[in-house]
Amino acid sequence: MPFPSIPSLPLSVDRVYLLSLPFAAATSAVVGPREISSTAAASPPSSSSSPIHSSHPPVRLLLHHHHLSRLASPRKTLAPPPRPLPRRAMASFGVDTRPAAAAGSGGGGGGGGGAGGGEGALSFLSRGLREDLRLIRARAGELETFLSAPVPEPELFARLRRAYTSSSSSAARTTRLDLSAIGRAFEADAWRGGRGLAGWRRWEEEAEEWEPVRMVKRRLKELERTRQGQSASDMLHKVKLSLKLMSFAPEASEEVPPLDLGELFAYFLKQSGPLFDQLGIKRDVCDKLVESICSKRTYNLLPTSEPSSLRNENAGDELDLRIASVLQSTGHNYEGGFWNDGPKCDITDKRHVAIVTTASLPWMTGTAVNPLFRAAYLAKSSKQDVTLVVPWLCKTDQELVYPNSMTFNSPQEQENYMRNWLEERVGFKTDFKISFYPGKFQKERRSIIPAGDTSQFIPSKEADIAILEEPEHLNWYHHGKRWTDKFNHVVGVVHTNYLEYIKREKNGAIQAFFVKHINNMVARAYCNKILRLSGATQDLPKSMICNVHGVNPKFLEVGERIAMQRESGQQSFSKGAYFLGKMVWAKGYRELIDLFAKHKSDLEGFKLDIYGNGEDSLEVQSAARKLDLNLNFHKGRDHADDSLHGYKVFINPSISDVLCTATAEALAMGKFVVCADHPSNDFFRSFPNCLTYKTSEDFVAKVKEAMTRDPQPLTPEERYNLSWEAATQRFMEHSELDKLLNNNNDCTSTSTTECPKPKGSIDRKMSKSVSVPTMSDIVDGGLAFAHHCFTGNELFRLSTGAIPGTLNYNKQHSLDLRLLPPQVQKPIYGW
């Protein structure tokens, strides 16, 4: 059988026989000269005696090894005696071929002659061993040189590459892939010695095929069977895939270096955000420390095509990706934290948005009006279903809260009132659901506290996205399911600066300190994202500043009508200045009286009309009368009332508001607004009719300026910025709801979940949120668990100012809302 041509070592015949001499001499004493003679006769040392010996030296070496192994094996009596070798052949092995007599005479020279013969044999063996060692060293060097030499590309692969290149270049001109060139390449490479197709078939049947060749042949056969009815582009695509699969080159593995001490310290600082928040340390300090540490390192986790400005934009994100790459290289897979409470609702159909607030109409407060408009404009889109969840008060509380002692006998009656009021102002039919949860009114704080678990009044199948209006207020005494465990995404909207109100009370500084840290705790524990209407609010964790409120469309219509009157030459404003707001000291009445008392002479002849009702109305009016201030007090009324359209200047000296809705409404009607230079008024600075003051003297100057000239009409862009359409767009963008609602298959928005990238963001090489456990998740879960334990204790609730009996709703709530009795809902087991 012919053998394939393989590279061989340059071993000569004499050297091969020389290697066998020591073994033959050593075995001559055991098996005798006859066996050695027969072995030598069986394999003569002539280089021309066998064509196999001359053409295949490695094969000859194997044959000699086979003959030498026969020397050490026992003699077989059945085998015929081998022919004796000639003396010349025997002499080449170093064996004494003289007759026995001669040998005896030669060795009978006494003991000295025998000793001399023994010394000659030993010297001969030592020379042979030294020669063998020298040859072994030489052959080892030649083998090392051979193995280290560059291996040229086999001609078979070169022909395959040329055939594939030619077929690919002609694919645009032909409709079928010609595989004949690839087949001829294999046939031509089968036997270069001219054995042709017969040699190819014989090698295929008898010789063991090389693995890459067998894979290529199998792929070619599959392509031949499936090429019928397929286009050339499909065939080329499959050929490329086949060649990629047949590649035996090892994949380049990028070893990820372990984290050093600096990276661990930077990551520890980054994850210590919850601790810094609770201690009152600004997050900018931590971010700057992390950035200074990470700026000294270069991470190659972004595409090299990105500009360096983008690559160095956020060192914190690069550190997160670095941690993720290290964890991924170790095979770590983070499947959730200790506080995770199982899977959330499945997103298979329309998205659901639940807006939970702390007040409802007819109480004309910001947390009752603004969430109602938000629900109406979010429901205008067909991408999501919207549910507005508002508190239900018993009749005794309704008489204390709602104006003119207005009461409702059923939730349905109050829902009809709310819808009618809203549709009169927005001008379209609203399509959202209104639900109620039990609440109780607290006279001391003038606020409504939820009774029981508010989240249970939202069905689990609709628990997708939650918008918590005043999240700190809703969760002060929340004892129920964690919002972020029940909902996929929770957004908080901060309306009120509670710290400013509390500081005005007795022992306000101490109370504000505790309330600040409680607000931080509930914000971290129950929200994924928090939007602050202005910088006047507390800097809560996970928060950003964005005005997501608009004005009633009726006010924009009033502004357009006034602008048209001015264009036609009619008088637009017939009255001077006014102030409108709930009559409590914290709503700016203290600042207003102080300004007028200090500059009474400068404002002589200037009259200000004040509209409002409230708990402090008698005190405010008596203080103004004592100081003999030129202030006229009127009962409170809606800002959209026709009697207020003729005023030209709206004065608002309040610094306790977060974002004054009355200020936005006055600007929408085209009036001047004189307000303090305060973070709560930052959104209004861009409007030309907004006049801000820093000192009391500046206040007098701004008032005189507003009274001596006319306000400018609003531009279309300014009107749009004040509208609820623009506010809803800002809310969707900054709360990341637009990404969640546009893609039903998006991941849930938790700290362990990565949501779609914002516009302009760069593509990352890996997702960090799946593989990086964060300390923030652990801290948030621990805070939620601790808060749940504390709020479950009635004594602790009462000591912190909760209304008695708000751990669960009462019997009247169960009758009004048709709920299970509290004893059934929360049974108490005992003996």
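**Close-up views of a predicted model**

**View 1. Strand S5 and its neighbouring strands.** In S6, valine 493 is the bridge partner of glutamate 469. The model shown here and in the following views is predicted. Strand S5 (residues 465-469) runs parallel to strand S6 (residues 489-494), and five bridges join the two. Strand S5 also pairs in the parallel sense with strand S1 (residues 351-356), over four bridges. Here isoleucine 465 in S5 stands opposite valine 353. Five of the five residues of S5 are buried, and the strand is thus mostly covered.

View 2. Helix H27 (residues 661-668) is largely enclosed by the rest of the structure, because seven of its eight residues are buried. These buried residues are Ala662, Thr663, Ala664, Glu665, Ala666, Leu667 and Ala668. Just after H27, glycine 670 adopts a positive phi of about 80°.

**View 3. The crossing of helices H25 and H28.** Helix H28 (residues 696-708) packs with H25 at an angle of about 85°, and the axes of the two helices lie 10 Å apart. The two helices are therefore roughly perpendicular to each other, since angles of 65 to 115 degrees count as such. In the contact, Leu595, Phe596 and Lys598 of H25 meet Ser696, Glu697 and Phe699 of H28. The residues of this contact comprise three nonpolar, one polar and two charged.

**View 4. Arginine 590 in helix H25.** Helix H25 (residues 589-598) contains arginine 590. This arginine counts as partly exposed because its relative accessibility is 41%, a value that falls between the limits of under 20% for buried and over 50% for exposed. Arginine 590 and alanine 623 are 33 residues apart along the chain, and their C-alpha atoms are separated by 9.7 Å.

**View 5. Helix H17, from its first residue to its last.** Helix H17 (residues 366-379) consists of 14 residues. From its first C-alpha to its last, H17 reaches 20 Å, which is close to the 20 Å expected at 1.5 Å a residue. Helix H17 is mostly covered, with 13 of its 14 residues buried.

Conventions. Residues numbered from 1 in each chain as written. Predicted model: local features only at pLDDT ≥ 70, side-chain atom pairs only at ≥ 80, totals over all residues. Heavy atoms only, no water. Buried < 20%, exposed > 50% of the residue type's maximum accessible area, 1.4 Å probe, protein only. Axes fitted to C-alpha atoms, helices over the stretch in contact; angles between N-to-C directions. Parallel < 35°, antiparallel > 145°, perpendicular 65-115°, else oblique. Contact = heavy atoms within 4.5 Å. Nonpolar A, V, L, I, M, F, W, Y, C, P; charged D, E, K, R; others polar. Expected span 1.5 Å × (residues − 1). Pairing = 2+ DSSP bridges.
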